Amino acid sequence: MIDEKYISQIVESVLKSAQEAPAKSEDKKQLGVFETMEEALDAVKKAYKQYRSYTVAQREKMISNIRKLTLEEAEVMARMGVDETGMGRVEDKIIKHQVVANKTPGTEDLQPSVMTGDDGLTLIEMAPFGIIGSITPSTNPSETVLCNTMGMIAGGNAVVFNPHPNACKVANYAVDLVNRAILAAGGPENLVVSVKKPTMDTSKMMMECPDVKMLVATGGPGVVRTLLSSGKKAIGAGAGNPPVIVDDTADIAKAASDIVKGASFDNNLPCIAEKECFAFSSIADELIDNMTKNGAYLLKGDMVDKLVKVALVEKDGKYSINKKWVGKDAGLFLKELGIDADPRLIICETPENHPFVQVEMMMPILAIVRVNNIEEAIEMAVKAEHGCRHSAHIHSKNVDRLTAFARAVETTIFVKNAPSYAGIGVGGEGYTTFTIAGPTGEGLTATHSFTRQRRCVMADGLHIV
Ligand code: NAD
């Protein structure tokens, strides 16, 4: 006979250890992730010193390990990202990680230049900047950590991240992943670091640390402004509100399908995604019809006003996003309106000055504005882009119109006749990046963006001609 007291002791101890188990696994030390920014900075300083003696071939080995692990763990990070932030779509986030792994440049982007002549030989090489401080967004949290790391360490730098607080679990998972990859390739410990609980204070400490020689921010206007007033070399990748124009020469069925694909990708979180559409009146009905055949739901009448109340917050006549709804599935918005449907994208017709046109929504909602001609379309699109000089798109076969729009809008990315993501190398030529630096002009950042030029002069000859 086992006495009752003994049984209850066993039950109590089993329950206690079951409760402790998850806490223990959460506490598992992640490589490169520190409790305080001070510790992170100390560790990365030591790592950078060691890294100076590594060869370019060794850098490349580490990067190729990061590519491999990113592909292997793409789904884990995609799920973590959606779970932690409540934003985006797992299947699309998997693709984003795959693109980072396959299309982020490595050391091949380091191209020296040479000048020779009667006065000898001059060599210009792309040298590391040193320790780079990087602030990352909630919309592409792990993708930005992985993409920044590859470019930055390819350039010979070390990195300290201050991720978005609402996405720091998945961002720090990526920090751990890159450290695992670096160590497996024989690289130094803590070449890439972060803090467990990033805050504005840790961000300030990182920015003010004299050993941090370059700052990179990917996010909205606030963080870019802060960085640009830091007094350090800064790369700012800021907000956008990309318009797309569809004229009467476009292949309307393809334009409709491309726009639905681009605007619904990861629930419109990407900063490059089509966020409002200006369509020639003569083809607008055909465009809308084709969009609905490609996964869009057309919302009409007072339902559009109801959707405004869900998606946006109004104060003194000014609209801003309702953060709770950023990156949510289109079906959830419709459910809130009492509609039972689960499309990829919600579309609706609005006037030009509607908040769905003017606000950077980052939700799978696309406003369509009818225009009479290309001049009107360009004027409205330029206004909606708000001078961010980020991204703009057009579907047209008229070269004069393509050129006129590109010249007027002056964006870093300009995509013709394809979904917006062609601009970052998905179904379009060229490499990828998740840090598109419009405000500071580096454009699509890559290894070369994270280097400084150094000139070495030999004036006493060495010619073979
Ligand atoms: P966010 O601006 O809220 O946050 C971005 C990062 O900046 C976070 O780490 C945040 O903690 C930090 N931050 C914000 N304000 C700060 C301040 N004043 N000082 C210091 N740090 C500050 O952006 P988000 O919601 O995470 O991301 C969406 C925004 O980022 C959109 O506007 C989108 O267009 C933009 N974005 C741009 C690019 C690009 O490559 N240009 C890429 C992704 C996202």
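This is a predicted model: local features need pLDDT of at least 70, side-chain atom pairs count only at pLDDT 80 or more; totals for chains, interfaces and linings use all residues.
Helices are taken here as DSSP runs of at least four residues, numbered from the N terminus. The largest share of the shell around the ligand comes from helix H9, which gives 3 residues. H9 covers residues 221-228, and both this helix and helix H8 (200-208) supply at least two residues of the shell. In total, 29 residues surround the ligand, and the closest are Thr136, Ser138, Gly220, Glu360 and Ile436. Sorted by class, the shell holds 16 polar, 12 nonpolar and 1 charged residues.

A polar backbone atom of threonine 136 sits 2.8 Å from a ligand oxygen. On its own the ligand has 840 Å² of accessible area, of which the protein covers 84%.

Helix H7 spans residues 168-184, 17 residues in all, and reaches 24 Å from its first C-alpha to its last, close to the 24 Å expected at 1.5 Å a residue. Because 13 of its 17 residues are buried, H7 is largely enclosed by the rest of the structure. After H7 comes glycine 186, with a positive phi near 85°. Helix H5 (residues 90-103) has 14 residues, which should span 20 Å at 1.5 Å a residue; its end C-alpha atoms are 20 Å apart, so the two values agree. The buried residues of H5 are Val90, Asp92, Lys93, Ile94, Lys96, His97, Val99, Val100 and Ala101. These buried residues pack against four helices, namely H3 (56-72), H4 (74-85), H6 (141-154) and H10 (252-264).

Most residues other than glycine have a negative phi. Asparagine 267 has a positive phi near 55° although it is not a glycine. This asparagine is found in the loop between H10 and strand S10 (276-280). Its relative accessibility is 0%, so asparagine 267 counts as buried. Arginine 389 likewise has a positive phi, near 55°, in a residue other than glycine. The loop that holds arginine 389 runs between helix H15 (374-385) and strand S16 (391-395).

Threonine 350 lies between strand S14 (345-349) and helix H14 (355-358). At 9% relative accessibility, this threonine counts as buried. Leaving aside neighbours within four places in sequence, threonine 350 is in contact with Val357, Ala367, Ile368 and Val369. Phenylalanine 129, for its part, occupies the loop between strand S3 (120-128) and strand S4 (131-135). Not counting residues up to four places away in sequence, phenylalanine 129 touches Asn157, Lys213, Met214, Lys233, Phe450, Thr451 and Arg452. Between the C-alpha atoms of phenylalanine 129 and asparagine 241 there are 31 Å, the two residues being 112 residues apart along the chain.

Definitions and conventions. Residues are numbered from 1 along each chain as its sequence is written. Side-chain values use heavy atoms; hydrogens and water are left out. A residue is near a molecule or strand if one of its heavy atoms lies within 4 Å of it. A polar contact is a pair of N or O atoms within 3.5 Å; within protein, one must be able to donate a hydrogen and the other to accept it, and residues adjacent in sequence count only if both atoms are side-chain atoms. Accessible areas come from the Shrake-Rupley method with a 1.4 Å probe; for residues, only the protein chains shown count as cover. Ala, Val, Leu, Ile, Met, Phe, Trp, Tyr, Cys and Pro count as nonpolar, Asp, Glu, Lys and Arg as charged, and the others, Gly among them, as polar. Buried means under 20% relative accessible area, exposed over 50%, partly exposed in between (1.4 Å probe, protein chains only). Contact means heavy atoms within 4.5 Å. The expected span of a helix is 1.5 Å times one less than its number of residues.
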